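User: I'd like a walk through this model, please, and please spell out the terms as they come up.

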Amino acid sequence: RLNMAMKIFSELDKDTKKAENRFALSLLLTVTSNGNQVSDQTNNSWDIYNEWKKTKKFSNSVKPTGTRISNIEKHLALIDEVIEKIGWKEFKKFVETHDTNRNHAQRAVSEWGFTQEGARKLFEDELADEVVPGSVMFGGKLGSFYNNLNGDFSTITMDRWFMRTFGRTAGTQLAKVDRKSFNE
C-alpha cells in the first residue's frame, strides 16, 4: 500500500521522487498522523508538503489539522530547528540510525545544541540503553510509524489499531457488562 501511495504522490508531483522531497513527505505523513484519520491527515500532509516546497519550512502557513494540533506543531517546529542546524541529509541519517537512546540524546546535545534536559525530554519514551531508531524522538508510536513508512519493519507501530487487534486476541476488546446494568 505504501508503494502504491508513493506512486500516486509521484503522479501528482514528480518531485516526490527526489530524496529530499520524499523525506519531507515521509516526515509529514508521520507527524501529522498523530491522532488523525488517514484520509484527512494525508490531505493535510499534502497541503503542508506543497507549502514546504516553496518555503523549505515544515511549520508554515498551512496549519496541521486534527485532534492533536499542538503536538504536531511542536514536531514540525522541531524538524525545522534540527534541519536548520544539521541539514536534511544528516537529519535523515539520524532518524534512520539505530543506536542507544542515550547516544541519540547525547547527539542532540553535542550536535544540535540542545540542553541536557531538552534532550532527555526528547528521548524520554524509551530506556537509556535501549537500541532504537533516531525517529523515536517523535515518540514510540510515531517513530515506529516513520520506520514502517520507509520500509524498516524492525519496530512495531503500536497504534489504536494494533491495540484493538491485541485486545481481540487477548479477549479484552470489550468491557464486561454486569447483566443488571445491561437490562436497565
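Analyst: Arg102 and Asp129 form a salt bridge, with their closest N and O atoms 2.2 Å apart; the term stands for a side-chain nitrogen of Lys or Arg within 4 Å of a carboxyl oxygen of Asp or Glu. This pair links distant parts of the chain, 27 residues apart, since Arg102 belongs to helix 6 (residues 101-110) and Asp129 to the loop between helix 7 (116-122) and strand 2 (131-133). Please keep in mind that the model is predicted, so that local features need pLDDT of at least 70 and side-chain atom pairs count only at pLDDT 80 or more, while totals for chains, interfaces and linings use all residues. Residues are numbered from 1 along each chain as its sequence is written, and side-chain values use heavy atoms, with hydrogens and water left out.

User: Ok, and are those two residues buried or exposed?

Analyst: Arg102 is partly exposed, because its relative accessible area is 38%, whereas Asp129 counts as exposed because its value is 56%. The classes work like this: buried is under 20% relative accessible area, exposed is over 50%, and partly exposed is in between, with a 1.4 Å probe and protein chains only.

User: How many salt bridges does the structure hold?

Analyst: The structure holds 13 salt bridges. One of them joins the side chains of Asp15 and Lys53, at 2.9 Å from N to O. Asp15 sits in the loop between helix 1 and helix 2 while Lys53 sits in helix 3, so this pair ties together parts that are 38 residues apart in sequence.

User: Which residues are in a network with those two?

Analyst: Asp13 and Lys18 are linked with Asp15 and Lys53 in a network of salt bridges. Asp15 is partly exposed, because its relative accessible area is 24%, and Lys53 also counts as partly exposed, because its relative accessibility is 26%.

User: What about Glu96, which residue does it form a salt bridge with?

Analyst: Glu96 forms a salt bridge with Lys92, and the closest N and O atoms of this pair are 3.1 Å apart. Both residues lie in helix 5, 4 residues apart, which means that about one helical turn separates them. In general, an α-helix has 3.6 residues a turn, so residues three or four places apart point the same way. Glu96 is partly exposed because its relative accessible area is 33%, and Lys92 is partly exposed because its area is 26%.

User: Let's zoom out. How many helices and strands make up the secondary structure?

Analyst: The secondary structure comes to 10 helices and 2 strands (helices are DSSP runs of H or I with at least four residues, strands are runs of E with at least two, and both are numbered from the N terminus). Reading from the N terminus on, the order of elements is α-α-α-α-α-β-α-α-β-α-α-α. The protein has 184 residues, of which 39% count as buried.

User: Which helix is mostly covered?

Analyst: Helix 8 (residues 140-149) is mostly covered, with 7 of its 10 residues buried. The buried residues in helix 8 are Leu142, Gly143, Ser144, Tyr146, Asn147, Asn148 and Leu149. Just after helix 8, Gly151 takes a positive phi of about 85 degrees.

User: Where is Lys56 found, and what is its phi near?

Analyst: Lys56 is found in the loop between helix 3 (38-55) and helix 4 (69-86). Its phi is near 60 degrees, which is a positive value in a residue other than glycine. Lys56 is partly exposed, because its relative accessible area is 41%.

User: Last topic: how do helix 2 and helix 8 cross?

Analyst: The axes of helix 2 and helix 8 come within 9 Å and cross at roughly 140 degrees; axes are lines fitted to C-alpha atoms, for helices over the stretch in contact, and angles run from 0 to 180 degrees between N-to-C directions. Helix 2 and helix 8 are therefore oblique to each other, given that angles under 35 degrees count as roughly parallel, over 145 as roughly antiparallel, 65 to 115 as roughly perpendicular and the rest as oblique.

User: And how does helix 2 sit against helix 4 and helix 5?

Analyst: The axes of helix 2 and helix 4 come within 10 Å and cross at roughly 155 degrees, and these two helices are therefore roughly antiparallel. For helix 2 (residues 19-31) and helix 5 (residues 88-96), the axes come within 11 Å and cross at roughly 50 degrees, and helix 2 and helix 5 are therefore oblique to each other.
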